[in-house]
Amino acid sequence: MKRILLFLATNLAILVLLSIVLRLLGVDSILDERGSDLDLGKLLVFSAVIGFTGSFFSLAISKWSAKRMMGVRVITQPSTATESWLVNTVRQQAQVAGIGMPEVGIFESPEPNAFATGARRDAALVAVSTGLLQGMSQREAEAVLAHEVSHVANGDMVTLTLIQGVVNTFVVFLSRVVGHTVDRVVFKTEEGHGPAFLITTIVAQVVLGLFASMIVMWFSRQREFRADAGGARLAGREQMVAALERLRQRHAGPLPERMAAFGISGNRAEGIKRLFMTHPPLEERIAALRNSTG
């Protein structure tokens with residue numbers, strides 16, 4: 001899903017940049033008590049500040065970055081019957097879901113796709129692809145919109161931000177512990193920190209960041225089930241199932257690698273690749289809806 005990867009990429013870039021800048025400015029020195037050992041209490045506070053700064057900044061610019069990266073044209077005044085239907089459908093669903101009216105937009109893509117993003121439930125963005133409008137019936141498209149509105153109503157982006165902030169904190173904390181250990185044990189630095197600390201810390205931060213991403217991706221997969229259930233409540237279970245079936249038919253073959261994690265449906269993956277999937281396989285989502293009793 002594009003919004004997830006944009007969020008993660010922005011977050012990781014901010015994390016690395018903050019670490020380098022703070023190191024160059026000497027802020028890391030507050031963690032090196034008496035020039036010989038880490039102050040773990042100060043390190044944890046320091047890590048939390050960096051970790052949550054990265055995730056909350058990513059959230060703050062999520063709507064802005066999604067619009068520009070995806071080329072979203074926001075509908076300010078509907079000019080066609082399709083645009084009018086799109087805006088009115090989102091408005092009705094938002095009212096039922098109890099959220100403010102999101103911005104509604106369209107982006108060019110032959111794939112049936114949609115996303116919702118934004119820092120606040122009452123100021124979100126819901127966007128659909130031209131491929132979705134052209135390749136799905138209105139009832140199917142309505143269910144996809146209901147799925148995205150449910151993401152907003154569930155506060156998924158905020159929850160993602162908090163989870164990302166927590167894992168960021170431990171990534172920053174552990175990477176500095178690793179860097180400190182390597183600097184002392186391997187390179188025998190006795191006072192302060194040498195170049196090995198900075199290099200090892202950055203490498204450890206990137207590696208640990210990949211493992212942390214598995215946690216975020218797991219949450220992403222779980223929230224797809226919740227959004228499907230919310231979409232079923234807003235548009236009807238059979239419509240939601242029909243929309244997922246349509247997506248499964250359209251994506252019967254594998255998507256190109258660059259699109260695999262971006263699509264609303266995602267691709268089937270096995271083994272370790274499954275740990276980095278933003279979406280569960282469509283077959284599992286359809287089965288979950290059909291077996292639900294709510």
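**Sheet, helices and salt bridges in a predicted model**

Q: How many bridges join strand 4 to strand 6?
A: Strand 4 covers residues 103-107, and strand 6 covers residues 125-129. In this predicted model, the two strands run parallel. Ile-106 stands opposite Val-128, and Phe-107 stands opposite Ser-129. The number of bridges joining strand 4 to strand 6 is five.

Q: Do strand 3 and strand 4 run parallel or antiparallel?
A: Two bridges join strand 3 to strand 4. Across this pairing, Val-74 stands opposite Gly-105. The direction of the pair is antiparallel.

Q: How many of the residues of strand 4 are buried?
A: Strand 4 is mostly covered. Glu-103 has 26% relative accessibility, so this residue counts as partly exposed. Phe-107, by contrast, is buried. Of the five residues in strand 4, the number buried is four.

Q: What kind of pair do the rings of Phe-107 and Phe-115 make?
A: The whole structure holds two aromatic pairs. In the pair of Phe-107 and Phe-115, the ring centres are 5.6 Å apart and the planes meet at 40°. Planes under 30 degrees apart would count as stacked and over 60 as edge-to-face, so an angle between these limits has another name. The pair of Phe-107 and Phe-115 is tilted.

Q: How many residues apart in sequence are the parts that Lys-63 and Glu-103 tie together?
A: Lys-63 and Glu-103 form a salt bridge, with the closest N and O atoms 3.1 Å apart. Lys-63 and Glu-103 also belong to a salt-bridge network with Lys-67. Lys-63 lies in helix 3 (residues 62-70) and Glu-103 in strand 4, so the pair ties together parts whose separation in sequence is 40 residues.

Q: Which helices hold Arg-285 and Glu-224?
A: The side chains of Arg-285 and Glu-224 meet in a salt bridge, at 3.7 Å from N to O. The pair ties together parts that are 61 residues apart in sequence, because Arg-285 lies in helix 11 (residues 282-291) and Glu-224 in helix 8. In that order, the helices are helix 11 and helix 8.

Q: Is Arg-285 buried or exposed?
A: Buried means under 20% relative accessible area. Arg-285 has 1% relative accessibility. Arg-285 counts as buried.

Q: How far apart are the end C-alpha atoms of helix 7?
A: Helix 7 (residues 156-186) has 31 residues. At 1.5 Å a residue, helix 7 should span 45 Å, and the distance in the model agrees. The end C-alpha atoms are apart by 43 Å.

Q: Which residue takes a positive phi just after helix 7?
A: The phi angle in question is about 60°. The residue that takes this positive phi, just after helix 7, is Lys-188.

Q: What is the area of the nonpolar surface patch made by Ile-199, Val-203, Val-207 and Phe-211?
A: One member, Val-207, lies in helix 8 (residues 195-235). Val-207 is partly exposed, with a relative accessible area of 40%. Together with Ile-199, Val-203 and Phe-211, Val-207 makes a nonpolar surface patch of about 380 Å².

How values were computed
Residues numbered from 1 in each chain as written. Predicted model: local features only at pLDDT ≥ 70, side-chain atom pairs only at ≥ 80, totals over all residues. Heavy atoms only, no water. Expected span 1.5 Å × (residues − 1). Phe/Tyr/Trp six-rings, centres within 6.5 Å; stacked < 30°, edge-to-face > 60°. Buried < 20%, exposed > 50% of the residue type's maximum accessible area, 1.4 Å probe, protein only. Patch = residues over 30% accessible without salt bridge, like charges linked within 9 Å, V, L, I, M, F, W, Y side chains within 5 Å. Areas by Shrake-Rupley, 256 points an atom, 1.4 Å probe, with all protein chains shown as cover. Salt bridge = Lys/Arg side-chain N within 4 Å of Asp/Glu carboxyl O. Pairing = 2+ DSSP bridges.
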